[in-house]
Amino acid sequence: MAGKKVLIVYAHQEPMSFNAALKDAAVRELSAQGCAVAVSDLYAMGFEPRATRSDITGTLSNPDSFNYGVEAHEAFKKGALAGDILAEQKKVQEADLVIFQFPLYWFSVPAIMKGWMDRVLCQGFAFDIPGFYDSGFLKRKLALLSLTTGGVASSYTKAGDYGDFRYFLWPLQHGTLHFCGFKVLAPQISFAPEYSSEEERKSMVASWTQRLKSLWTEEPIQCSPPWYFGQ
């Protein structure tokens, strides 16, 4: 949709990877719609995933006992966070939609993307206490997880080895994105591209592109326990 702004937070080391193909497809399709698309290519950027004292550029509120959450909150209020954090927060603030593109690592995001979440979505910027879930500060924004798996689709069912895929989405979609107020769209999961044929991989990319054409008309999921675990 023309005029919309999209941020793609992308985590893969290989520019020729299938994740890169999905990211590139999103950039092409959303740009063709007239959206302004920004990409945070975390590996290419050398993004620092560790949450440390270096993230605070000003004086610590309690230098004798370092508490990252407290210090990051205070630093945000003072404009004293590290420059790379501020740059990513600016991208998030400007975005109508944030897409996270990544391969599934241990039922979660790669460490570099987890670090992005830890450092960028700090208290004061993304949420407060109170001021979370439906009152989170990013409540006017959409978020979507686009991920690839190593296992085939049948493994991610209630009867499969890994259980229903919705189980592992709980901490990411509900505990992180919804906690910060995001309205969460249904995930885009590309199952086992490494073990799929070239035609099957092309079909996955085409399916993602087709979904993006009508993405702005989608309703967010009901981000509550029944969506993940059933009644």
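By class, the second largest pocket is lined by 7 nonpolar, 3 polar and 2 charged residues (Ala, Val, Leu, Ile, Met, Phe, Trp, Tyr, Cys and Pro count as nonpolar, Asp, Glu, Lys and Arg as charged, and the others, Gly among them, as polar). This is a predicted model, in which local features need pLDDT of at least 70 and side-chain atom pairs count only at pLDDT 80 or more, while totals for chains, interfaces and linings use all residues. Residues are numbered from 1 along each chain as its sequence is written, and side-chain values use heavy atoms, with hydrogens and water left out.

Let's stay with that pocket for a moment. It holds about 170 Å³ of space, and its lining includes K114, D118, F127 and C180. Helices α5 (111-120) and α6 (165-178) each supply at least two of the lining residues; helices here are DSSP runs of H or I with at least four residues, numbered from the N terminus.

The largest pocket has a volume of about 320 Å³. Of its 16 lining residues, T148, T149, G150, P193 and E194 are the closest to the centre. Its lining divides into 8 nonpolar, 6 polar and 2 charged residues.

Grid points are joined across faces, edges and corners, and a volume is the space filled by probe spheres set on the points. There is 1 cavity of 30 Å³ or more. The largest cavity contains about 40 Å³ of space, with E71, E74 and K78 among the residues that line it.

Now for the charged pairs. The structure holds 12 salt bridges, each a side-chain nitrogen of Lys or Arg within 4 Å of a carboxyl oxygen of Asp or Glu. In helix α4 (residues 83-94), E88 and K91 lie 3 residues apart, about one turn, and their closest N and O atoms are 2.8 Å apart. E88 counts as buried at 1% relative accessibility, and K91 as partly exposed at 26% (buried means under 20% relative accessible area, exposed over 50%, partly exposed in between, with a 1.4 Å probe and protein chains only). E94 and K90 form another salt bridge, at 2.6 Å from N to O.

Key
On a 1 Å grid over the protein atoms alone, a cavity is a set of points where a 1.4 Å probe fits but cannot get out, and a pocket is an open set with protein on both sides within 12 Å along at least five of seven lines; lining residues have an atom within 4 Å of a point.
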